[in-house]
Amino acid sequence: MRFQTQAGLFGGSNMVQKTSSLRIEDVSVRYGNNRAVENVSLTVNGGEFVSLLGPSGCGKTTLLRLIAGFLRPDGGRILCDDRDITTQAPYQRRFGVVFQNYALFPHMTAAENVGYGLKVGKVQRSEIAARVSRALDKVGLSNVGDRYPAQLSGGMQQRVALARALVIEPAILLLDEPLSALDKNLREEMQVELRLLQKNVGVTTVFVTHDQEEALTLSDRVAVMQSGRILQIGPPRDVYMHPQSQFVSTFLGTTNLLPGKVRTASSDRVEVAVEGYSLTATGQATIGSDVTVAVRPEYVIISRNVAGIPGIIQDVLFQGHRLIVIFVTKGGKEVRAFAPASFSLSRGQEAYAMWKPDSARILAD
Amino acid sequence: MTKGLGGLQTAAFGLLIALICFFILAPLLVVLMASVSPTSYLSFPPQGFTLRWFTETGKLVRYWEAFKFSIQVAFFATTLSLVIATTVGITIARTEFVGKAALQSFFLSPIIIPELALALGLLQYFSQMGAFKGMMPLVLAHAAVCAPYAIRTIQAAAMKVDRNLEDCALSLGAKPARVLFDVTIPLVRPGIVAGAIMAFVMSFDNVTLSIFLSAPGSIPLPGLLYIEAADTGLSSTLAAVSAMLVVFMGCMMLLVEKFMGLEKVAATSLHENK
């Protein structure tokens, strides 16, 4: 089940594939009065893996279809290697696409599926056979080339779809939730393999998902989308650790949001009163203003020591490697915290919630 | 209690189904049985058993000629219907345009328009054009009547084809025409086969258009049978020919069943509204 790890493995030659960049400039799509994508700009560098992450209806799939050329934007430009491709048809762009349901041609065998792009590309028959068998080999499916999609498992179909998209050596690889139909174990395994494969082939990749963990695991950069716009884009760690809005903060992982009042503010550090108890957070705010403090459960410390916000432990959930502590402040706000499994905390205990100085942020909205 | 009632209901339902089946099949049984009766006029119940009328029919060249003519007309009408229906069916299923609903209604209109009106209109039309000869008028008329059925089955099949498949083929470098022939049409094929069979049977079975639009000297079998029955009354020869037609159509249906399941054909086509 291992993808091979040498460059140019899907190509006709052994040369390292040249990587292409993609630039989206101020692109919009409207359906009637409904704006599916609104003034989106995005640059994907050569060889980069960028995820479009967001809830359903946020415009991520529409954006992917724009890049593939299935849709024309109502405004803006799309450039590949600084060439304007806005008006090019999908068959001129030839970006490999892997769909959520794989979209394997049901009347063609796995090998015919993989070879289709080469066949229409007028590659010689002998070369097609060689490249198809090499591609199938690389995704670990060398012995199922003569089977039809219906005879393959979901994971196998997924690999065939990937091989089919990569064998044409696309400038850009587009993935539309390709892992979401797989069961959890296989999905996690495929995440790692997909990442390895993408890095080894070196193809510039745009990946659409609603699964934040998947986006964080796979991407060089994550673009979080909502209502047709990109709210924030950056490396997974940055976006996760420094969300700039409440939406990003809650969509990426679990976040505790607490209302507070700013007591003191220096350059990037704020002392904020939550239910009258003083805690620190990063971010900018004016003294005296009402703000929302966001802090991730992994940074919340619940202890019996008298420090932080007092409350009561409502429940403790054992997850094997850790505990989830559900804590309710005196003011009635729920705060979740992860604690090591060895901690002895029990339901109904009075306790205090606090966090490390750099782990909480003041959010704009 | 409920179980007993359920059993009773099942029995009543079974009886109803049996009655309906009998009602549908009874005329066929009458024809089949009458065709082996020794009397020369149509009689039921049969007065004995003979295969005389079948051997007799075999000697009558006009039936054989009419049968061959029917097959030819049905073949060409089916081919023409399929060309029209594949184009229209896939276009309607695949594209959005202003007036789509109107166009759809238009292509289905031969089903709604009474065949008699259609036949008279076409007769007038072909006569004035001076084109009233050979099998051309019949083929065109049959195609007009058969195409709507094929459009329905093909459109239904095309709706079921995942659009991602076509998009995917485009992204792999196939031009739209290529996608149509490599992906869409192969996947719509069950609908095309169903439409072809519907069209063929409709054409082969058609009496009204056949009588009105047959050029002198060449008439399809159903038309010939009707005219002979009207002229000379019901004879056992007619019953024998009809019996052979029943068997022929039965074989056709078996063929359909073998290739794709009769329910599918029935489910994807409109009901005949005669």
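1. The contact takes 18 residues from chain A and 16 residues from chain B. It should be kept in mind that this is a predicted model.

2. On the side of chain B that touches chain A, the elements giving two or more residues are helix 7 (163-171) and helix 8 (176-205) of chain B. Helix 7 of chain B provides the largest share of this side, with 7 residues.

3. Turning to chain A, 6 strands form an open sheet with mixed pairing, in the order 6-7-8-3-9-10. Why is one side of strand 6 and of strand 10 of chain A left without a neighbour in the sheet? Strand 6 (96-98) and strand 10 (229-234) of chain A stand at the edges and each has a single partner strand, so one side of each lacks a neighbour there. On average, neighbouring strands of this sheet are turned by 15° against each other, direction ignored.

4. Within chain A, strand 7 (residues 172-176) and strand 8 (residues 204-209) run parallel and are joined by 5 bridges. For A:Leu173, the bridge partner in strand 8 of chain A is A:Thr205.

5. Helix 5 (residues 154-167) of chain A lies across strand 6 and strand 7 of chain A. The direction of helix 5 of chain A is at about 170° to strand 6 of chain A.

Technical notes: Residues numbered from 1 in each chain as written. Chains lettered and ligands numbered in written order. Predicted model: local features only at pLDDT ≥ 70, side-chain atom pairs only at ≥ 80, totals over all residues. Contact = placed C-beta atoms within 7 Å. Helix = DSSP H or I, 4+ residues; strand = E, 2+ residues; numbered from the N terminus. Pairing = 2+ DSSP bridges. Axes fitted to C-alpha atoms, helices over the stretch in contact; angles between N-to-C directions.
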